[in-house]
Amino acid sequence: MTVGRSFMSPLALAAALCMTVADARAVDDPLHPDWSGGWTRVRDGKHGNWDPDKPRGLGQEAPLTGEYQARYEANLAAQARGGQGENPGYRCQPHGMPRIMNADHPVFLAVTPEATYLMRDISNRFRRVYTDARDWPAQLPHSANGYSIGKWLDTDGDGRFDTLVIETRGLKNPHSYDSSGLPFHDDNAAVIKERLFIDKSDPQEMRNEITVIDHALTRPWTVTRSYRHVGDPQWLEYVCAEDNHHVVIGKEEYLVSQDGFLMPTRKDQLPPPLRDFDPPPR
């Protein structure tokens, strides 16, 4: 599986180093599972939606409040006209949690007793899930991926951990569930809970039960994502900004053509407003 444009990224190198650590621990660590290698979403044409069991857009039946349902519908209408709505990814902003767990590009996992690391080469996205029994910081930092604390469980009583439960707080806007622009509340108070485990009927598939608690929702929203193991993935660099032609001027979105000119993104779009400025001295 090939991802990206260039050959090797710093993140890929870090992944290789973590792989060495993970492989070493797999030999002498009787407690933690070996989840090394890559994990990518099950590709059946619909797993790019946040809820893979439901259609895109309004078909997701997201339990949004009236205010955020109206906002989402306006966002979808803007996308139907050729815009991007509330999808932050097109400007190469971080996708953030929980969208990065869609795993449209392979996710590398490195399990250690102190933390589990989840990494993706696309735009060098990186998560650290602390499993060292720490408490939440008094001053919680906010970031696109948030601050994650996890706990390992032995659900079948065989003396070996098989399930990782994670809670993530401290998320920062803008972020969305998927490219349709499904919104989060503006207050940055969302809490995301995950339950990661291997399917007992198929050791090559991982399940992630994800529950979002957010003030834009009328109730907690739970979906299950599925990932397929990639035993020998090619970790290649993907830099979103390297060939991004999107430009935002004011509140309008435009494209830059190959010959360097601004282009509209929808029919009857007005040209951008231009302001006079003093030319540079000769």
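Tutor: A salt bridge here is a side-chain nitrogen of Lys or Arg within 4 Å of a carboxyl oxygen of Asp or Glu. By this rule the count comes to 10 salt bridges. Keep in mind that this is a predicted model, where local features need pLDDT of at least 70 and side-chain atom pairs count only at pLDDT 80 or more, while totals for chains, interfaces and linings use all residues. Residues are numbered from 1 along each chain as its sequence is written, and side-chain values use heavy atoms, leaving out hydrogens and water.

Student: What makes K54 and E61 a salt bridge?

Tutor: Their side chains meet at 3.2 Å, N to O. That is within the limit, so the pair counts. R169 and E167 also form a salt bridge, with their closest N and O atoms 2.7 Å apart.

Student: Why is K54 called partly exposed, and why is E61 called exposed?

Tutor: Look at relative accessible area: buried means under 20%, exposed over 50%, and partly exposed in between (1.4 Å probe, protein chains only). K54 comes to 29%, so it is partly exposed. E61 comes to 54%, so it is exposed.

Student: What does the salt bridge between R228 and E205 tie together?

Tutor: The N to O distance of that pair is 3.3 Å. R228 lies in strand β9 and E205 in strand β8, so the pair ties together parts that are 23 residues apart in sequence. R228 is partly exposed at 33%, whereas E205 is buried at 14%. Both belong to a network of salt bridges that also links D199, D202 and R207.

Student: How do you know which stretches of the protein are helices and strands?

Tutor: They are DSSP runs, numbered from the N terminus: helices are H or I over at least four residues, and strands are E over at least two. Here that comes to two helices and 12 strands.

Student: What makes β1 and β2 a pair?

Tutor: Two strands pair if DSSP finds at least two bridges between them. Strand β1 (residues 38-41) and strand β2 (residues 107-111) have two bridges, so they pair, in the antiparallel sense. In this pair, G38 stands opposite F108.

Student: How are the strands β1 to β9 arranged?

Tutor: They make a closed barrel of nine strands, running β1-β2-β3-β4-β5-β6-β7-β8-β9 with mixed pairing. Within it, seven bridges join β5 (residues 147-153) to β6, and six join β6 to β7. Both of these pairs run antiparallel.

Student: Why is β6 called largely enclosed?

Tutor: Five of its seven residues are buried, so the rest of the structure largely encloses β6. For the protein of 282 residues, 44% count as buried.

Student: Which residues touch the most other members of the largest nonpolar core?

Tutor: A nonpolar core is a set of buried Ala, Val, Leu, Ile, Met, Phe, Trp, Tyr and Cys residues joined through side-chain atoms within 4.5 Å. The largest has 34 residues, and W35, Y177, W221 and Y227 touch the most other members. Elements giving two or more residues to this core include α2 (66-80), β2 and β9 (221-230).

Student: What is Y177 in contact with?

Tutor: Contact means heavy atoms within 4.5 Å. Leaving aside neighbours within four places in sequence, the contacts of Y177 include W50, P98, F184 and W221.
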